[in-house]
Every structure is written in structure tokens, then in C-alpha cells.
Amino acid sequence: MAIPKILRTFASKFLIMHIEQFREICMALPMTTEDMPFDDTLVAFRVHGKIFGCLLLDQPDMVVLKCDPERAIELRGTYSAIEGAYHWNKKYWNQIHLNGSVPDELIRELIEHAYQEVWKKLPKKLRLETT
């Protein structure tokens with residue numbers, strides 16, 4: 001799925017991590033698929049049909065990631081750019097503003113964490129079939 005050129009240009013000029021980098025990291029994880037389940041502005045990243053992250057094409061400075069509840073609270077207390085995700089269960093989902101205040105390495109790690117949060121809850125049979 002191609003990110004519109006105007007969003008890539010905006011992101012490359014004004015953001016540290018941008019949505020195209022976010023997408024590349026997500027898609028590099030094993031068994032990841034992407035789709036647009038609700039409308040043409042939200043791209044969901046899934047492993048075996050379960051969402052672990054999203055990017056918002058109409059808000060290219062924000063992404064949404066699944067998170068362990070205790071860690072979610074800790075991150076929100078540490079970074080003002082990390083909040084409970086709007087329209088998602090805030091216990092498990094964070095929205096991250098890509099404004100440069102959250103280090104890129106932490107965002108990469110949080111993508112992997114989100115993936116693992118979903119992966120570990122998949123049925124054992126599915127996890128064994130794809131390892």
C-alpha cells in the first residue's frame with residue numbers, strides 16, 4: 001500500500017520518524033499484514049488477523065500501538081507525546097505523536113512490543129505453525 005507523496009514529503013521535512021518508516025518496521029515483522037478495515041484513512045497492521053498497530057493517514061504525525069497495561073501507564077507518565085489512544089481501549093492502546101520527543105529507537109522497540117503482545121496471546125497451534 002503506497003503512502004501518498006504529499007504525506008511522505010510532509011513527514012520527511014517535519015518529523016523524526018514518519019509513517020512510511022513506521023510502516024516499513026511493522027511490515028518487516030513475521031506474518032504481518034496490512035489493511036484498511038474502517039475507512040481509507042486508517043491502516044491497520046496485523047499478525048494472524050489481530051491488530052497490533054495503526055497509522056492514520058489523515059494525521060501523519062500520530063500512530064497507535066498495543067501495549068502492556070502497566071508499561072502503557074509508565075510510558076504516558078514519561079513522555080507527553082504518548083497518550084491513551086482515542087477511540088481505543090486506553091488500558092491496552094497508546095497513541096504516539098511523532099514530534100521528535102519520543103526517540104526513534106523507543107518507537108521501534110514499542111512496535112516490536114506491540115507485535116509481541118498480540119503474538120503471545122495467539123493460540124499455541126498458530127504460533128507453532130509459523131515459527
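Student: Hi! In which sense do strand 4 and strand 6 pair, and over how many bridges?

Tutor: Strand 4 (residues 62–66) pairs with strand 6 in the antiparallel sense, over five bridges. Two strands count as paired if DSSP finds at least two bridges between them. Strands (E, at least two residues) and helices (H or I, at least four) are DSSP runs, numbered from the N terminus.

Student: What kind of model is this?

Tutor: This is a predicted model, in which local features need pLDDT of at least 70, side-chain atom pairs count only at pLDDT 80 or more, and totals for chains, interfaces and linings use all residues. Residues are numbered from 1 along each chain as its sequence is written, and side-chain values use heavy atoms, with hydrogens and water left out.

Student: Back to strand 6. Which residue there is the bridge partner of M62?

Tutor: M62 has H97 as its bridge partner in strand 6. Strand 5 (residues 82–84) also runs antiparallel to strand 6, and three bridges join them. There, G84 is partnered by N94.

Student: How many residues of strand 6 are buried?

Tutor: Four of its five residues (93–97) are buried, so strand 6 is largely enclosed by the rest of the structure. Buried means under 20% relative accessible area, exposed means over 50%, and partly exposed is in between, using a 1.4 Å probe and protein chains only.

Student: What about the whole protein? How many helices and strands?

Tutor: The protein has five helices and six strands. From the N terminus on, their order is α-α-β-β-β-β-α-β-β-α-α. Buried residues account for 44% of the 131 residues.

Student: Where is G53, and is it buried or exposed?

Tutor: G53 sits in strand 3 (residues 50–56). Its relative accessibility is 0%, so G53 counts as buried. Not counting residues up to four places away in sequence, G53 touches V43, A44, F45, V64, L65 and W93. Contact here means heavy atoms within 4.5 Å.

Student: New topic: where is M17 found?

Tutor: M17 is in the loop between helix 1 (5–14) and helix 2 (19–27). At 2% relative accessibility, M17 counts as buried. Leaving aside neighbours within four places in sequence, its contacts are F22, I25, L98, D104, I107 and R108. M17 and H97 are 80 residues apart along the chain, and their C-alpha atoms are separated by 9.8 Å.

Student: Which residues of helix 2 are buried?

Tutor: In helix 2, the buried ones are I19, F22, R23, I25 and C26. Seen down the helix axis, they fall within an arc of 165°, so they line one face of helix 2. That arc is taken from the directions from the helix axis to the C-beta atoms. As background, an α-helix has 3.6 residues a turn, so residues three or four places apart point the same way.

Student: What is the volume of the largest pocket?

Tutor: The largest pocket has a volume of about 230 Å³. Of its 13 lining residues, L42, L56, Q59, Y86 and H87 are the closest to the centre. By class, the lining has seven nonpolar, four polar and two charged residues.

Student: Which residues line the largest cavity?

Tutor: The lining is made of L65, K66, C67, L75, I82, N94, I96, L110 and H113. Strand 4, strand 6 and helix 4 (104–119) each supply at least two of the lining residues. The largest cavity holds about 40 Å³ of space, and the structure has one cavity of 30 Å³ or more.

Student: What makes something a cavity or a pocket?

Tutor: On a 1 Å grid over the protein atoms alone, a cavity is a set of points where a 1.4 Å probe fits but cannot get out, while a pocket is an open set with protein on both sides within 12 Å along at least five of seven lines; lining residues have an atom within 4 Å of a point. Grid points are joined across faces, edges and corners, and a volume is the space filled by probe spheres set on the points. For the classes, Ala, Val, Leu, Ile, Met, Phe, Trp, Tyr, Cys and Pro count as nonpolar, Asp, Glu, Lys and Arg as charged, and the others, Gly among them, as polar.

Student: You mentioned H87. What is its phi?

Tutor: Phi of H87 is near 70°, a positive value in a residue other than glycine. H87 is in the loop between strand 5 and strand 6, and at 69% relative accessibility H87 counts as exposed.
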